[in-house]
Amino acid sequence: MQSHLEHLAITRKTVTALADRLPAALPHLPEHPNCLRILGVFNDATGPLRARDVCEALDHELPSKNVEGTRAKQQ
């Protein structure tokens with residue numbers, strides 16, 4: 001039991017130290033209207049995303065040139 005309490009104390013100390021590193025405010029997001037839509041796609045994803053998935057979420061046509069352009073913007 002004592003060992004368990006010691007581990008909890010170490011974990012608390014580690015988490016508290018990491019929390020001190022978090023920014024006080026959220027980072028500035030671009031004001032582009034698609035920004036929130038793109039973030040929504042990533043938040044709703046249950047696995048890896050493909051550039052095609054982002055294009056579909058933004059209602060872009062899906063010719064290869066549009067998918068490749070989106071892929072280039074993601075990097």
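Where does Glu56 sit? I looked it up: Glu56 is in helix H3. Before going on, I noted the ground rules.

**Entry 1: the model.** This is a predicted model, in which local features need pLDDT of at least 70 and side-chain atom pairs count only at pLDDT 80 or more, while totals for chains, interfaces and linings use all residues. Residues are numbered from 1 along each chain as its sequence is written, and side-chain values use heavy atoms, with hydrogens and water left out. I then checked pLDDT (the predictor's confidence in each residue, from 0 to 100). The chain averages 77, and 80% of the residues score at least 70. Confidence is highest in H1, at 86, and lowest in helix H4 (residues 64–74), at a mean of 63.

**Entry 2: the elements.** I found four helices and zero strands in the chain. Read from the N terminus, the order is α-α-α-α. For the record, helices (H or I, at least four residues) and strands (E, at least two) are DSSP runs, numbered from the N terminus.

**Entry 3: the surface.** How much of the chain is buried? Buried residues account for 12% of the 75 residues. I use buried for under 20% relative accessible area, exposed for over 50%, and partly exposed for what lies in between (1.4 Å probe, protein chains only). The accessible surface of the chain is about 6700 Å², and carbon and sulfur atoms hold 58% of it. Such areas come from the Shrake-Rupley method with a 1.4 Å probe, and for residues only the protein chains shown count as cover.

**Entry 4: a nonpolar patch.** Met1, Leu5 and Leu8 make a nonpolar surface patch of about 350 Å². A patch is made of residues with over 30% relative accessible area and no salt bridge; like charges are joined within 9 Å, and nonpolar side chains (Val, Leu, Ile, Met, Phe, Trp, Tyr) within 5 Å. A salt bridge here is a side-chain nitrogen of Lys or Arg within 4 Å of a carboxyl oxygen of Asp or Glu. I placed Leu8 in helix H1 (residues 2–19). Leu8 counts as partly exposed because its relative accessibility is 46%.

Entry 5: Which residues of H2 are buried? They are Asn34, Cys35 and Val41. These residues lie on the same side of H2, because they cover an arc of only 125 degrees around the axis. The arc is that of the directions from the helix axis to the C-beta atoms. On the other side of H2, I saw that Leu36, Asn43 and Asp44 are exposed. The buried residues of H2 pack against helix H3 (51–57), where contact means heavy atoms within 4.5 Å.

**Entry 6: residues one by one.** Asn34 belongs to helix H2 (residues 34–44). I call Asn34 buried because its relative accessible area is 19%. Asn34 and Leu58 are 24 residues apart in sequence, yet their C-alpha atoms are 7.3 Å apart. Gly40 is also in helix H2, and at 23% relative accessibility Gly40 is partly exposed. From Gly40 to Val54, 14 residues along the chain, the C-alpha separation is 10.0 Å.

Back to Glu56, then. Glu56 is partly exposed, at 43% relative accessibility. The C-alpha atoms of Glu56 and Val41 are separated by 9.8 Å, with the two residues 15 apart along the chain.
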